[in-house]
Amino acid sequence: HNDDIPPFSADFTFYGGLYRNVWLVATEPVHLTMLDDASPGVQIDTPSASAASASVRVRGAVVNDSTTYKAVTVTSTVLDAHRQKVARAAVKLSLAPGSDAKFDLRPPTLVKPHLWSPDSPYLYTVVTVVNDGHGSLDTVESALGVRWFSVDPNTGFYLNGKSLPLRGTNRHQDKVGQGNALTDAEHVADFALIKAMGCNIVRLAHYPQAPAVLEAADRLGLVIWEEAPLVNRIIMSESFTQHSVNMTREMVRQHYNHPSVALWGYMNEIFLRPPKPEPTGLEEATVALARQLEALIRTEDPTRLTTMAGHGSQRYNTSGIADIPMVFAWNLY
């Protein structure tokens with residue numbers, strides 16, 4: 001246990017060691033950034049989307065780790081599910097030695113796009129290539145799902161302008177005899193079972209998720225509530241706060257491109273296990289951290305909903321913390 005690193009405690013077993021895939025990645029001297037909180041280096045979203053049309057935005061950064069100036073072209077191509085080109089945009093960049101340059105590409109509007117939904121999880125692919133005129137230096141492929149959503153306190157969740165009652169489950173990465181060391185195939189099999197049950201949403205809690213999990217949700221059409229690992233209580237220290245901020249930022253940046261993600265969660269039952277005696281200022285510090293994480297997510301990703309879950313105590317109301325996220329959820333037992 002380490003008080004500096006969330007979560008303090010949780011409703012699942014803690015394991016140690018390397019339990020997921022590990023890669024050694026080699027790049028050309030000029031490449032898409034590899035140091036953006038382990039994100040793919042390319043961010044994709046749809047600033048506007050409807051059944052009639054959708055705009056696509058592709059952002060990222062190119063890094064020049066060489067000792068000479070480099071002139072490159074960054075191209076983003078939108079492919080349909082049959083990998084046929086439907087839109088393309090490009091920009092030229094000049095990079096000084098040891099520098100990086102950001103890009104913001106807007107391919108032509110998609111007319112009458114195929115929409116992503118649990119009933120029809122249609123995925124486009126966005127292929128972003130860095131080329132120096134002699135060939136490709138780096139390539140990143142990302143899924144693109146065209147969808148939009150909203151919530152109403154009286155009538156619930158809406159996807160693509162239509163009411164979609166959300167019915168689903170939580171799922172922990174755990175298997176007898178293996179702990180949390182699941183293979184990608186085992187992650188995918190779990191999500192196939194959840195889909196076969198008739199679910200249309202999965203709450204991911206409360207730790208960083210395997211890439212295979214988000215990819216399966218995209219393909220299967222499962223709406224995702226993903227969550228940072230702040231569970232049961234916080235620790236009042238600068239180190240704990242900074243780790244909480246870092247983990248939340250990493251979650252958003254790493255999984256920003258997944259159309260399945262609709263809600264970013266950042267606290268679960270955070271008043272469930274206060275220490276006894278409770279230190280002075282713990283409640284105020286918890287609320288302050290919630291406001292900090294809420295502001296961070298809304299800055300990092302204004303396109304999605306924020307959420308947290310409480311355990312049925314009136315303390316969430318009296319402290320004011322329930323008013324901070326865009327959606328507040330009650331765990332009722």
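**Figure 1. Glu269 in the loop between E16 and H4 of the predicted model**. Glu269 sits in the loop that runs between strand E16 and helix H4. Its phi is positive, near 45°, and the residue is not a glycine. Most residues other than glycine have a negative phi. At 6% relative accessibility, Glu269 is buried, because the cut-off for buried is under 20%. Glu269 is also one of the residues touched by Gly310 of strand E17.

**Figure 2. The cis peptide bond at Pro277**. Pro277 belongs to the loop between E16 and H4. The bond from Lys276 to Pro277 is cis, and its omega is near 0°. Most peptide bonds are trans.

**Figure 3. Gly310 and its contacts**. Gly310 is part of strand E17, which spans residues 305-310. Its relative accessibility is 0%, so Gly310 counts as buried. Leaving aside residues up to four places away in sequence, Gly310 touches Glu269, Tyr316, Phe328, Ala329, Trp330 and Asn331. Ala322 lies 12 residues from Gly310 in sequence. In space, the C-alpha atoms of Gly310 and Ala322 are 8.1 Å apart.

**Figure 4. Helix H4 and what covers it**. H4 covers residues 282-300. The helix has 19 residues. From first C-alpha to last, H4 reaches 27 Å, close to the 27 Å expected at 1.5 Å a residue. Its buried residues are Leu282, Thr286, Val287, Leu289, Ala290, Leu293, Glu294, Leu296, Ile297 and Glu300. The cover over these buried residues includes helix H3, strand E16 (261-268) and strand E17 (305-310).

**Figure 5. Packing of H3 on H4**. H3 takes in residues 238-255. The two helices pack at an angle of about 25°, and their axes are 10 Å apart. H3 and H4 are therefore roughly parallel, since the angle falls under 35 degrees. The crossing of H3 with H4 is right-handed. On the H3 side, the contact residues are Phe240, Thr241, Ser244, Val245, Thr248, Arg249, Val252 and Arg253. On the H4 side, they are Leu289, Gln292, Leu293, Leu296, Ile297 and Glu300. By type, the residues of this contact are seven nonpolar, four polar and three charged. Leu289, Leu293, Leu296, Ile297 and Glu300 of H4 meet H3 and are among the buried residues of H4.

**Figure 6. Packing of H1 on H2**. H1 spans residues 184-196, and H2 spans residues 211-220. Their axes are 9 Å apart, at an angle of about 35°. The crossing is right-handed. H1 contributes Asp184, His187, Val188, Phe191, Ala192 and Lys195 to the contact. H2 contributes Ala212, Val213, Ala216, Arg219 and Leu220. The residues of the H1 and H2 contact divide into seven nonpolar, one polar and three charged.

**Figure 7. Helix H2 and the backbone on either side**. Within H2, the buried residues are Ala212, Val213, Leu214, Ala216, Ala217 and Asp218. Of these, Ala212, Val213 and Ala216 also take part in the contact with H1. Gly221 follows H2, and its phi is positive, near 85°. The loop between strand E14 (201-204) and H2 holds His206. The peptide bond from Ala205 to His206 is cis, with omega near -15°.

**Figure 8. Asn160 in the loop between E11 and E12**. Strand E11 (156-159) comes on one side of this loop and strand E12 (162-163) on the other. Asn160 has a positive phi, near 55°, although the residue is not a glycine. With a relative accessible area of 12%, Asn160 is buried.

Figure 9. Not counting residues up to four places away in sequence, Ala54 touches Ser48, Ala49, Thr109, Leu110, Pro113 and Val146. Ala81 is 27 residues from Ala54 in sequence. Between their C-alpha atoms, Ala54 and Ala81 are 16 Å apart in space.

How values were computed: Residues numbered from 1 in each chain as written. Predicted model: local features only at pLDDT ≥ 70, side-chain atom pairs only at ≥ 80, totals over all residues. Heavy atoms only, no water. Axes fitted to C-alpha atoms, helices over the stretch in contact; angles between N-to-C directions. Helix = DSSP H or I, 4+ residues; strand = E, 2+ residues; numbered from the N terminus. Parallel < 35°, antiparallel > 145°, perpendicular 65-115°, else oblique. Left-handed = near helix turned anticlockwise from the far one by under 90°. Contact = heavy atoms within 4.5 Å. Nonpolar A, V, L, I, M, F, W, Y, C, P; charged D, E, K, R; others polar. Expected span 1.5 Å × (residues − 1). Buried < 20%, exposed > 50% of the residue type's maximum accessible area, 1.4 Å probe, protein only.
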